[in-house]
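Please look through the structure below before reading my comments.

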Amino acid sequence: MKPTRRKVQSNIRWLVIVLIFGTVIVTLRYGWLQLVQGAELSERMKYQVGQDYSVQSPRGAIIDRNGRELAVSTMTKSLFVDPYHVTDPYQLAQDLAPLVGKTEQEILDDIAVGGGFSWVKRRMEQSEYEAIRALIREKEYETCLGFRDEAKRYYPNDVLAANVIGFVGTDDKGLDGIEQAFDKYIKGEVTESFLYTDRQERPILDSIFEKHSYQGDRCKTIQLTIDSAIQFIVEQELDRAMAENNPLAIECIVMNPKTGEVLAMAGRPSYNPNRFWDYDQEVWKNRAVSFIYEPGSTFKSIIAGAALQEGLVTPNQVFVDPGYVMVSGKRIQNWNGASFGTVTFTDVVKNSLNTGFALVGLRLGAEKMTEYAKLFGFGEPTGIELPGEEAGILFDPYEMVESDIATMAIGQSIAVTPIQLVTAMCAIANDGILLKPHIIKMIKNANGTMYSETQVEPVRRALESASDKTLVSLLEQVVATGGGGKAKVKGYRIAGKTGTAQKIREDGAGYMEGRYIASFCGFAPVENPQLALLVMIDDPYGVFYGGQIAAPVAGRIFSQAFRYLRIEPSEAPSFDDDYETPDDVGEGDAAGSQPLTEPQSDQESAPEVPKGQVVVPDFYGKSIRECARLANDVGLKFESEGSGWAVQQSIDANTIVEPGSRVKVYFNP
């Protein structure tokens, strides 16, 4: 028995040794696979049983003040190709090209990128996705074609407020407007995750629940102060003005003067952000904040307020208007070159007399004028929540000569942006208090809770209340009985100022001949201002006076906005609603750059005009184009001889003649 027992014990020992040896081998192998090759094998396994997915949340919405959608995002499919698994690139290109709107060569170029991934078409329409999915099933392209989820931006109102909203590029990056300025708040978030999938890349196991569970934390909603209805009214009127005046561009801003909220901001030409790539990049710009120009007579509102505040003038103070003044060798004349005789300061404002404002400007001086310009917000950005805002241009008051002072008083020698000008007019409407303009009403978190809300933000007092009230009464008469008459709306009290400024050359050396910017800036109702607006028409064809082409646009916008906002008519209008304003009154700001020569005649006052007759304008110092327009406006036949500037005319200025009379004007360079 002993030998048998020894044999069993020996076998057991050998078995234990084998087991121990096997355990050591397994342990060493396990350790090798886990510690040495673990990472490599894990990555290899992932590519066999699943794949990495980029999960994107949609971009936050942009809505108007009433919750109407201006920009929204939806999840769409983007097509990619795996070049490594393409067996017949030419056949694939032939099958795919007509479905994605690309050429076969473009598809071949995508495949030629190589590797395991190349985009073919991103953010496809649903119809494209369905057609390609059917192709994949029919031709068994599952191994080389696939889809990824991406957010696509839509602008449901197309052109409406395009220059304010901006647009989004292919990588969900805001490239202009609100989309750019608030990109960090509304941009969709992307997270990388690994999903277990079957052979056809369908999620399995817990991945079924992971793929669509991510909602995003950063995708906030931006609510603008814009009112879509008022925005539509404005854009409709701008389209009409473009057709009637054929200008280079038009801008309009509508604000609430008591809050600084922008209710509408529009320009023409514009673009459709759904297809922004079809338009020239210049059209993308928001000229309301980025375009600087000489404001012309609209700036006289600020000068009048400064003079009233400093006690240099009163509404009934008497001025003697000679028709032109010479300042440092520079001739500054009224819109028609004629004298208005003895007038009050109210008449100076109402009829926008350059001579009167030049004298007032000289009384104020460079330092005071610049001080008040800064008080009203000129010379620095307003801080509105839009990209690309310009600061405008103010001269150093210590470097200004008398001619600079006089021309600044009539709205030249200063450059402003439209948003600065309408913000300054809002200060006049708001009892002299300047408010910071806003276009953001609030920002909401992705879950609907409040993130931030914009409050009314006073900047400073620009005018004392008493001076401001006097200024408002003067500006009301501009619309009621002066050059802004075409902005009137029956039953409502409207205050404002027209302007017609010559355009500066691009190189800054003087002005362009026969090129103007016509504008109107005002507010209403005077007794309780709720709307302030600016209409600026850049380089119109034909008639170019602000009172003739910008004021009517403003009047139509006021009228429709009053009805929409249910603003009741004024109970006690200060002036006769049926008063008819001469078309050419109050448009004198284009004359500051005329040749420095003496006038042929010097009239002390405008003559009385018998019914059925007309007054011959003073053509002296004007271009051929301007003279032709003046003659046409009063019903005279015009002849010219020579070129350059008018130096003589066959019938003296202010002569009363029959309509249709022929006047010949002589020109010299």
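The numbered points below cover the model, its cores and some of its helices.

1. This is a predicted model, in which local features need pLDDT of at least 70, side-chain atom pairs count only at pLDDT 80 or more, and totals for chains, interfaces and linings use all residues. Residues are numbered from 1 along each chain as its sequence is written, and side-chain values use heavy atoms, with hydrogens and water left out.

2. The largest nonpolar core contains 94 residues. A nonpolar core is a set of buried Ala, Val, Leu, Ile, Met, Phe, Trp, Tyr and Cys residues joined through side-chain atoms within 4.5 Å; buried means under 20% relative accessible area (1.4 Å probe, protein chains only). Ile178, Ile222, Met265 and Ile439 have the most contacts inside this core. Helix H17 (residues 418–429) gives the largest share, nine residues. Helices (H or I, at least four residues) and strands (E, at least two) are DSSP runs, numbered from the N terminus.

3. A second, separate core has 32 residues, among them Leu531, Val535, Ala550 and Ile557.

4. Nine of the ten residues of helix H13 (residues 300–309) are buried, so H13 is largely enclosed by the rest of the structure. Lys300 is one of the buried residues. The buried residues of H13 pack against several elements, including H17 and strand S18 (495–504). Just after H13, Gly311 has a positive phi of about 75°.

Conventions. Buried < 20%, exposed > 50% of the residue type's maximum accessible area, 1.4 Å probe, protein only. Contact = heavy atoms within 4.5 Å.
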